[in-house]
Amino acid sequence: YYRPRAIKTDDYTAEQLEQDINDATSLSDVDIHSALFAINKQLRKELLAGRTIVLDGIGRISIGMDTMSITEEERNAEGFNPSRYIKSLHLNFRPCVSILKELRELKTLKYIPEK
């Protein structure tokens, strides 16, 4: 049996984003770089503070975790440390409805033989 799957075609780097913004606006390279650096720093700060990042037209990013169950006895024990029950941390991304709709409309399938 075979199943269709998404194949990553390429990475889109911060340098490419800077160049594309430069091509689309009259902003200087330094201004674009500074703004993207500040955005990156602020988004990171907000995620680490537990906030969900909402990017209109793209989706929502939040911190998630896989945890172990805690008994009431463990929770009420002296010196209880909930971080001991965290197995792993990750970022969740939930795309907005409009981008999913666009992806569904634009989907194309092609056969790529395995190497």
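**View A. Asn-92 sits in strand β3, which covers residues 86–95.** This is a predicted model, as are all the views that follow. Asn-92 comes out as partly exposed because its relative accessibility is 27%, and that class runs between the 20% and 50% cut-offs. Ignore the neighbours within four places in sequence, and Asn-92 is in contact with Arg-60, Ile-61, Ser-62, Ile-63 and Gly-64. Take Gly-64 from that list: 28 residues separate Gly-64 from Asn-92 in sequence, yet their C-alpha atoms are 6.0 Å apart in space.

**View B. Here is the largest pocket, with a volume of about 710 Å³.** Its lining is made up of 15 residues. Which of them lie nearest the centre of the pocket? Look for Pro-4, Arg-5, Ile-7, Lys-110 and Ile-112. Sorted by class, the lining of this largest pocket has 8 nonpolar residues, 5 charged ones and 2 polar ones.

**View C. Lys-110, one of the residues nearest the centre of the largest pocket, gets its own close-up.** You'll find Lys-110 in the segment after α4, the helix at 97–106. Is Lys-110 buried or exposed? Exposed, because its relative accessibility is 70% and the cut-off for that class is over 50%. Pro-4 also belongs to the group nearest the pocket centre. Along the chain Pro-4 and Lys-110 are 106 residues apart, while 9.0 Å separates their C-alpha atoms.

**View D. The second largest pocket holds about 240 Å³ of space.** Its lining includes Tyr-12, Thr-13, Ala-14, Glu-15, Leu-17 and Glu-18, and then His-33, Leu-36, Phe-37, Ile-39, Asn-40 and Leu-43. Two or more lining residues come from each of α1 (14–24) and α2 (29–48). Which element gives the most to this lining? That would be α2, with 6 residues. By class, you're looking at 7 nonpolar, 3 polar and 2 charged residues around the second largest pocket.

**View E. Glu-18, from the lining of the second largest pocket, is buried and has no salt bridge.** This residue lies in helix α1.

View F. Lys-8 is classed as exposed because its relative accessible area is 62%, with the line drawn at over 50%.

**View G. Glu-46 and Arg-51 also pair up in a salt bridge.** Their side chains meet at 3.3 Å, again given N to O. Arg-51 counts as exposed because its relative accessibility is 52%.

Note on methods: Residues numbered from 1 in each chain as written. Predicted model: local features only at pLDDT ≥ 70, side-chain atom pairs only at ≥ 80, totals over all residues. Heavy atoms only, no water. 1 Å grid on protein atoms, 1.4 Å probe; cavity = no way out; pocket = protein on both sides within 12 Å on 5 of 7 lines; lining within 4 Å. Points joined across faces, edges and corners; volume = space filled by probe spheres on them. Nonpolar A, V, L, I, M, F, W, Y, C, P; charged D, E, K, R; others polar. Helix = DSSP H or I, 4+ residues; strand = E, 2+ residues; numbered from the N terminus. Buried < 20%, exposed > 50% of the residue type's maximum accessible area, 1.4 Å probe, protein only. Lys, Arg positive; Asp, Glu negative; His and termini not counted. Salt bridge = Lys/Arg side-chain N within 4 Å of Asp/Glu carboxyl O. Contact = heavy atoms within 4.5 Å.
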